[in-house]
Amino acid sequence: MTINLKSQERIDDLGRNGYKIIQNKEKFCFGIDAVLLSDFAKAKSGERVLDIGTGTGIIPILMEAKTQGEHFTGLDIQQESIEMAQRSVAMNGLSEKIHMVCGDVKEAVDIFGTASFKVITTNPPYMTGSHGIVNPKEPKAIARHEVCCTLEDILKASAKLLKERGRFYMVHRPFRLAEIMSQCVKYKLEPKRLRFVHSYIDKEPSMVLIEALKGGNSRVTVEPPLIVYKDINIYTDEIYEIYGYDRRS
C-alpha cells in the first residue's frame with residue numbers, strides 16, 4: 001500500500017515480522033525503553049492489551065509480533081501521534097488487531113469501561129511537571145514530563161481498567177521507585193516482578209521494568225539485571241535478541 005509521509009517523517013524497520021513504523025525526528029521517536037518494555041510484558045492467547053501513552057504505537061506493534069495477545073489498543077492524548085500510529089498500523093496490515101484511540105487517561109474508564117483489559121502497558125513521562133519544561137504543549141515535553149497526566153493518574157485508571165488478576169507493566173526511572181511501589185499498592189496493583197536495566201555492568205541502573213498484579217499477594221521477585229552494552233556502542237547478546245537481530249560476537 002502507498003504510505004504518504006509528512007514533512008520530517010521517516011519509516012524505520014522494527015526487525016520483527018517485517019514490520020515498520022513511521023516516526024518524526026522533529027517530534028518524538030521511541031527509545032530503547034519502549035523496546036525493553038515490549039519484551040518484558042507478556043500477553044497470552046485471548047488477552048486484550050491496552051498501552052497507555054502509546055505515542056507512535058511502538059509497544060502495541062512490537063507486542064503483536066512477539067506475543068499471542070488477541071487485540072491491542074493504544075491510547076494517547078496527542079491526536080498527531082495517534083494519526084501517525086494509525087498509519088503505521090495500516091502500513092503493517094494490522095488494522096484488525098491494533099486499534100489506536102485519542103483520549104485522556106483520566107477519561108479512559110469512560111472510553112473503554114471498567115475491567116476491559118487483561119494487560120496494561122505504559123512507558124509514561126518520567127519527570128514531574130516542574131523539571132525544566134519550556135513549552136508544555138511541545139510533543140517531546142508531553143512525552144517526557146508529567147504535563148497531561150501523573151503517575152497516579154495512570155495507576156488509578158489502570159486499576160479500574162484491568163480485570164481482576166490482570167497484569168500491569170511499566171518502565172520507569174529507579175529514582176522514583178519508592179513512589180511507584182507505594183502508589184501501586186495504594187491502587188491494589190501488587191508489584192510482582194522487577195528488573196533493573198544498566199547501561200554497563202559497572203554502572204547503576206538507569207531504568208526499571210515493573211510487573212504488577214491486580215489483587216495479587218505481597219511478594220516481589222527481583223530478576224537478574226539487564227545490561228545494555230558490553231563495550232562502547234556494542235550491545236550485549238540479550239539486547240540484540242530483544243531487538244530481533246542475530247547474536248553478535
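The following legends describe several close-up views of one predicted model.

Residues are numbered from 1 along each chain as its sequence is written. In this predicted model, local features need pLDDT of at least 70 and side-chain atom pairs count only at pLDDT 80 or more, while totals for chains, interfaces and linings use all residues, and side-chain values rest on heavy atoms, with hydrogens and water left out.

View 1. The chain contains 8 helices and 13 strands; helices (H or I, at least four residues) and strands (E, at least two) are DSSP runs, numbered from the N terminus. Of the 249 residues in the chain, 49% are buried. Here buried means under 20% relative accessible area, exposed means over 50%, and partly exposed lies in between (1.4 Å probe, protein chains only). The accessible surface of the chain comes to about 12000 Å², and carbon and sulfur atoms hold 49% of this surface; such areas come from the Shrake-Rupley method with a 1.4 Å probe, and for residues only the protein chains shown count as cover. Among the contacts in the chain with a separation of 6 or more, 69% join residues 24 or more positions apart, where contact means heavy atoms within 4.5 Å.

**View 2. Helix α2 and the largest nonpolar core.** Helix α2 spans residues 58–66 and is mostly covered, with 8 of its 9 residues buried. The buried residues of α2 are I58, I59, P60, I61, L62, M63, E64 and A65. The largest nonpolar core has 35 residues, and those with the most contacts inside it are L36 and I61. The elements that give two or more residues to this core are α1, α2, α3 (79–91), β5 (98–102), β7 (162–172), β9 (207–214) and α8 (237–243). Helix α2 gives the most to this core, with 6 residues. Leaving out residues up to four places away in sequence, I61 touches L14, Y19, I21, S88, V89, N92, L94 and I98. Another core, of 27 residues, lies apart from the largest one and includes F117, L151, L161 and L162. A nonpolar core is a set of buried Ala, Val, Leu, Ile, Met, Phe, Trp, Tyr and Cys residues joined through side-chain atoms within 4.5 Å.

View 3. A34 belongs to helix α1, which covers residues 32–40. Because its relative accessibility is 3%, A34 counts as buried. Beyond the residues up to four places away in sequence, A34 touches I58, I59 and N123; I58 and I59 are themselves buried residues of α2. The C-alpha atoms of A34 and T54 are separated by 9.5 Å, the two residues being 20 residues apart along the chain.

View 4. T73 is found in strand β4, residues 71–76. With a relative accessibility of 4%, T73 counts as buried. Apart from neighbours within four places in sequence, T73 is in contact with V49, L50, D51, P60, H99, V101, F112 and F117.

View 5. I154 sits in helix α6, which runs over residues 151–161. I154 counts as buried because its relative accessibility is 1%. Setting aside residues up to four places away in sequence, I154 touches I52, V105, T122, P124, C149 and F168. I154 and I52 are 102 residues apart in sequence, yet their C-alpha atoms are 7.7 Å apart in space.

View 6. Side chains of opposite charge can pair when their charged atoms come close. The structure holds 17 salt bridges, each being a side-chain nitrogen of Lys or Arg within 4 Å of a carboxyl oxygen of Asp or Glu. In one of them, the side chains of E9 and R87 meet at 2.6 Å, N to O. E9 lies in strand β1 (residues 9–13) and R87 in helix α3, so the pair ties together parts that are 78 residues apart in sequence. Both E9 and R87 are buried. A network of salt bridges links K6, E9, E83 and R87.

View 7. E223 forms a salt bridge with R193, and their closest N and O atoms are 2.9 Å apart. E223 lies in the loop between β10 (221–222) and β11 (226–227) and R193 in strand β8 (residues 189–198), so this pair ties together parts that are 30 residues apart in sequence. E223 counts as partly exposed at 22% relative accessibility, whereas R193, at 16%, counts as buried. K20 forms a salt bridge with D13, with 3.9 Å between the closest N and O atoms. K20 is partly exposed, its relative accessible area being 33%.
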